[in-house]
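Open the model in your viewer and keep the selection tool ready. We will go stop by stop.

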Amino acid sequence: MKFLYLALTLATGGLLIFGALDMPAWGDPNSPANSHVSPRYIEQSFHETEVPNMVTAVLADYRSFDTLGETTVVFTAAICCLLLLRRFRKESGS
Amino acid sequence: MIHEQESIVIKTVARLLVPFIQLFALYVIMHGHSSPGGGFQGGVILAASFILLSIAYGLDEVKRRFSIKALTVLTSAGVFLYAGTGVLCLLLGENFLDYGVLPVVEPRGMGMLAIEIGVGITVMAAMVSIFHDLLDFE
Amino acid sequence: MEFLSGHANYFVYIMLMMIGLYGMMAKKNLVKKLVGMNIFQWSLILFFVSIGAKEGGTIPIVEGAHGHGAEIVIQASHYVNPLPHVLMLTAIVVGVGTTGVALAVLLNLYKKYKTLDEDEIIGKL
């Protein structure tokens, strides 16, 4: 079975390398990720939010509803661990 | 279950480092909107200080100072502070989480600071609570 | 040669992703599967951060912004792309939370079946 897994892994890696050949080079200022949406955030976020840190401006202002969801996910993870692991017993039982 | 370490070097270094780690974590949270940092990062640094204390002094010592019930309450208090800021904006006549109407100077920065504090409290309490729950199991 | 140095980051992330995928499929121990999943997740996080890089760009924090300089002209080419940083920042913390939940489930499994081997647990079901 291990040869099947190895072959699947190598096939996936080969496909991904084939796909990566067409990706833009590292640090290319004209790559699609750097030229379509982000210039608008970089140029306007300081004037719109008056906050110098663009990461925080996007995280806590433009996408604040999304961050509320992420915080709820962390909260849910803590409650999940509490319900799965903590023993709800009286103090006398130590 | 982690018990108290024997080595005096580990205990002394942990005791000396923890206040500075916590101070740095508070700095990272409070300056999240004007320098590198934010609620997630600062909360994780703050949780790391409590985990270091747990490793050096044992879980019971940390629980005696900072009870696990308080951690559970803090976990939900952070989310409450976050959503409460949004509802406050709603009550002042704007959209949910639109900080422009808060009655303070630099309303957008202060609104972001409020929700970053909420995120920091939640992340810190959740990390420490997960760590304690995982180690306390039987 | 220039092509290889420009795309070396993608090849590193693909290697990491292959390691994680193989670990998830081939290992029988559930904790090793979880470690494989974490390696997979980190390869994706590093990939996302790397596509935000920009040559000649600095960190995405406006320089000289203190003192309400509303007239500051900001050139997009001077700062790296902040959007992948935002998305991955939350992904890292959520990843820690999900790993904690996975470990909690594994602890309960071990308490019930006294083993973490996948085949033995399926045999005992």
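A nonpolar core is a set of buried Ala, Val, Leu, Ile, Met, Phe, Trp, Tyr and Cys residues joined through C-beta atoms within 7 Å. Buried means that 20 or more other C-beta atoms lie within 10 Å of a residue's own, with C-beta atoms placed from the backbone. This is a predicted model: local features need pLDDT of at least 70, side-chain atom pairs count only at pLDDT 80 or more, and totals for chains, interfaces and linings use all residues. Residues are numbered from 1 along each chain as its sequence is written, and chains are lettered from A and ligands numbered from 1 in the order in which they are written.

**Stop 1: chain B.** Select chain B. Its secondary structure is 5 helices and 0 strands (helices are DSSP runs of H or I, at least four residues; strands are runs of E, at least two; both are numbered from the N terminus). Its C-alpha atoms fill a box of roughly 60 × 30 × 20 Å along the principal axes. Of its 138 residues, 41% count as buried.

**Stop 2: the largest core.** Now select Val58(A), Ala78(A), Val123(B) and Met127(B). They are among the residues with the most contacts inside the largest nonpolar core, which has 57 residues. H5(B) gives the most to this core: 15 residues.

**Stop 3: Val123(B).** Which residues does Val123(B) touch, leaving out those up to four places away in sequence? Val74(A), Gly39(B), Phe40(B), Gly43(B), Val44(B), Ala47(B) and Val93(C). Contact means C-beta atoms, placed from the backbone, within 7 Å.

**Stop 4: chain C against chain B.** Here 12 residues of chain C are in contact with 12 residues of chain B.

Terms used
Contact = placed C-beta atoms within 7 Å. Buried ≥ 20, exposed ≤ 12 C-beta atoms within 10 Å, placed from the backbone.
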